[in-house]
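This report describes a single protein chain, starting with the whole and moving on to details. Please look through the sequence and the structure before reading on.

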Amino acid sequence: MTERGVSTVQKKNKGGIFIISAPSGAGKSTLCSHLMESTENVLPSVSYTTRPPRQGEINDVHYTFISEKKFREMAAKGAFVEWAQVHGNLYGTSGRRLKSLVRAGADVLLDIDVQGAAQIRKSLDSGVYIFIMPPSLSVLRSRLEKRMSNTKEQLADIERRLARARDEMKHYKQYDYVIVNDALKSAQQQFKAIITAERLRSGRLDSHWIRNTLFA
Ligand code: ADP
Ligand code: 5GP
């Protein structure tokens, strides 16, 4: 076993793609960051966006920040496996980046909205779909409020995000798993349990490794 409990057999596995969607404020970033810190070999897919960086966000780490002109040029050239407009900005997943992470054997987290997840479902035959729900709309509101300073503009933005949350949550049945992020620790454990179970699927074992070692 290695330090973080990943066996050598699991290390022979191919990488997987995990598509994570949630209404804004449900705790997706919190859960994804914790998973990546606590689990070996889980990496983010860094999306391209036209949204300006928020304080503390680093280019090519949180997002690759580009102009709308450049984004549309890339989209026209087929650079994105999916892209969508969310809250007035454009976001897209680079096919090249995704392929190179999966080839390297990483489990890749795609933090994307429900429109993007629907596009990926059509273009990829593999992928594990996870939807994160808040325990209630009132908890969602208080998490959004906590994250923002309450200027008039931001209060209107919270109302827009809540209205959108109701629409997004209607899509939960299109996902393989649903995590209700109520008690944080329990949601973190559930997220990790999904990744662990998916890593153990027989289809993810490297058949060359099995042939060359166990059946040699
Ligand atoms: P998202 O990425 O889905 O928009 P965040 O991860 O930024 O959401 O979480 C929104 C806010 O809720 C943050 O302030 C975060 O610390 C808080 N939060 C996340 N999960 C929980 C939880 N289980 N209990 C309480 N607060 C939480
Ligand atoms: P934020 O601007 O708050 O980081 O993200 C807003 C929303 O855009 C979130 O729901 C997030 O999942 C989604 N998003 C981020 N990157 C992508 C992407 O590459 N494609 C799609 N479709 N949505 C994305």
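## Overall build

The chain contains nine helices and nine strands. The model is a predicted one.

How does the radius of gyration of the chain agree with that of a compact globule? A compact globule of 216 residues would have a radius of gyration near 17 Å, and the chain has 18 Å, so the two agree. Along the principal axes, the C-alpha atoms fill a box of roughly 70 × 45 × 30 Å.

Of the 216 residues, 43% are buried. Among contacts with a separation of 6 or more, 69% are between residues 24 or more positions apart.

## Surface and charge

The accessible surface of the chain is about 12400 Å², and carbon and sulfur atoms account for 53% of that area. The side chains include 34 positive and 22 negative ones. The centres of these two sets lie 2 Å apart.

## Nonpolar cores

The largest nonpolar core holds 39 residues. Those that touch the most other members are Ile 19, Ile 20, Leu 110, Ile 130 and Phe 191. Strand β8, residues 128-133, gives this core its largest share, with six residues.

Which residues does Leu 110 contact, apart from its neighbours within four places in sequence? They are Ile 17, Phe 18, Ile 19, Ile 20, Ser 45, Thr 93, Leu 98 and Ile 120. Two of these partners, Ile 19 and Ile 20, are also named among the residues that touch the most other core members.

Most residues other than glycine have a negative phi. Asn 41 is not a glycine, yet its phi is positive, at about 70°. Asp 60, also a residue other than glycine, has a positive phi near 70°.

| Residue | Loop between | Relative accessible area |
|---|---|---|
| Asn 41 | α2 (28-38) and β2 (42-44) | 42% |
| Asp 60 | β3 (48-49) and β4 (64-65) | 46% |

Terms used:
Residues are numbered from 1 along each chain as its sequence is written. Chains are lettered from A and ligands numbered from 1 in the order in which they are written. This is a predicted model: local features need pLDDT of at least 70, side-chain atom pairs count only at pLDDT 80 or more; totals for chains, interfaces and linings use all residues. Side-chain values use heavy atoms; hydrogens and water are left out. Helices (H or I, at least four residues) and strands (E, at least two) are DSSP runs, numbered from the N terminus. The radius of gyration is taken over C-alpha atoms; the globule rule is 2.2 Å times the number of residues to the power 0.38. Buried means under 20% relative accessible area, exposed over 50%, partly exposed in between (1.4 Å probe, protein chains only). Contact means heavy atoms within 4.5 Å. Accessible areas come from the Shrake-Rupley method with a 1.4 Å probe; for residues, only the protein chains shown count as cover. Lys and Arg count as positive and Asp and Glu as negative; His and the chain ends are not counted. The place of a charge is taken as NZ of Lys, CZ of Arg, CG of Asp or CD of Glu. A nonpolar core is a set of buried Ala, Val, Leu, Ile, Met, Phe, Trp, Tyr and Cys residues joined through side-chain atoms within 4.5 Å.
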